[in-house]
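Here are my notes on this one, in the order I'd go through it on screen. Have the viewer open while you read.

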Amino acid sequence: MATRTDAPTRREQILREAARLFAERGFHGVGVDEIGAAVGISGPGLYRHFAGKDAMLAELLVGISEQLLTGGKRRVAESGGDPGALLDSLIEGHIDFALDDRPLITLHDRELDRLRDSDRKLVRQLQRQYVELWVAVVREIHPALAEPSARSAVHSVFGLLNSTPHLGRPGALPGRAGTAELLHRMARGAFAAAGADGVGGAAGTSDAAVAAGAAATDGAAGPVRA
């Protein structure tokens, strides 16, 4: 959703407003009529696009998981075999999502369990594939880092980047470019620290990293908690 530059379709407008309202007031706190009013159509008119709120929620959460994975695969294909440039590109892409689609992070954290089992399993499957793209490049840059610790580091960085809904009021932080640069430096620093741990080879430190990553997947890791 964040990467489109052309005018959104009516269906996309509905999804964007639904995400905003669900994030602000909760899934059960928003009616179909209110979503319709936000995009200038009657509530019943929404049923020409979606079967109901459950269908909107599923498309939002499955859709963003598909978008992140597709974007990640594209970045891998365009990287030219340079792992450092690829990691920077993956970080930049995720920061774009985290800054431009903040309601989806909140929505994922609060409402994922409302999805049908099949949709929830699909979200998890897509998320796992996205995580493994990152794990592969992190291990290429830091070959001494064990796979579980690399995966833990990736989840921890997702927790950092997906903290954007909690960063504060508009105007209380640097502009978008400054915030993106800060998040990028912090993500790179986290991976560098994890890589230094791997070189050190301290088993206790590695175990702590795995525990930290597990905590991140249960907390603010947003749409990539798999």
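1. Secondary structure first: the chain has nine helices and zero strands. Reading from the N terminus, the order is simply α-α-α-α-α-α-α-α-α. Bear in mind that this is a predicted model.

2. On burial and surface, 44% of the 226 residues count as buried. The accessible surface of the chain is about 10,800 Å², and carbon and sulfur atoms account for 54% of that.

3. How far apart in sequence are the contacting residues? Taking contacts between residues at least 6 apart, 75% of them join residues at least 24 apart.

4. The largest nonpolar core has 57 residues, and the members that touch the most others are Ile 35, Trp 134 and Phe 191. At least two residues of this core come from each of α1 (10-25), α2 (32-39), α3 (53-77), α4 (83-100), α5 (102-111), α6 (117-141), α7 (147-161) and α8 (176-200).

5. Which residues does Phe 191 contact, leaving aside its neighbours within four places in sequence? The list is Leu 87, Ile 91, Trp 134, Val 138, His 142, Ala 153, Val 154 and Val 157. Trp 134 in that list is also one of the core residues named above for touching the most other members.

6. Finally, the annotation. An unreviewed UniProt entry puts a "DNA-binding region" at residues 31-50. In the model, that span is 40% helix and 0% strand, and its end C-alpha atoms lie 14 Å apart.

How values were computed: Residues are numbered from 1 along each chain as its sequence is written. This is a predicted model: local features need pLDDT of at least 70, side-chain atom pairs count only at pLDDT 80 or more; totals for chains, interfaces and linings use all residues. Side-chain values use heavy atoms; hydrogens and water are left out. Helices (H or I, at least four residues) and strands (E, at least two) are DSSP runs, numbered from the N terminus. Buried means under 20% relative accessible area, exposed over 50%, partly exposed in between (1.4 Å probe, protein chains only). Contact means heavy atoms within 4.5 Å. Accessible areas come from the Shrake-Rupley method with a 1.4 Å probe; for residues, only the protein chains shown count as cover. A nonpolar core is a set of buried Ala, Val, Leu, Ile, Met, Phe, Trp, Tyr and Cys residues joined through side-chain atoms within 4.5 Å. UniProt positions are given in the numbering used here, feature names are shortened, and annotations may be inferred rather than shown by experiment.
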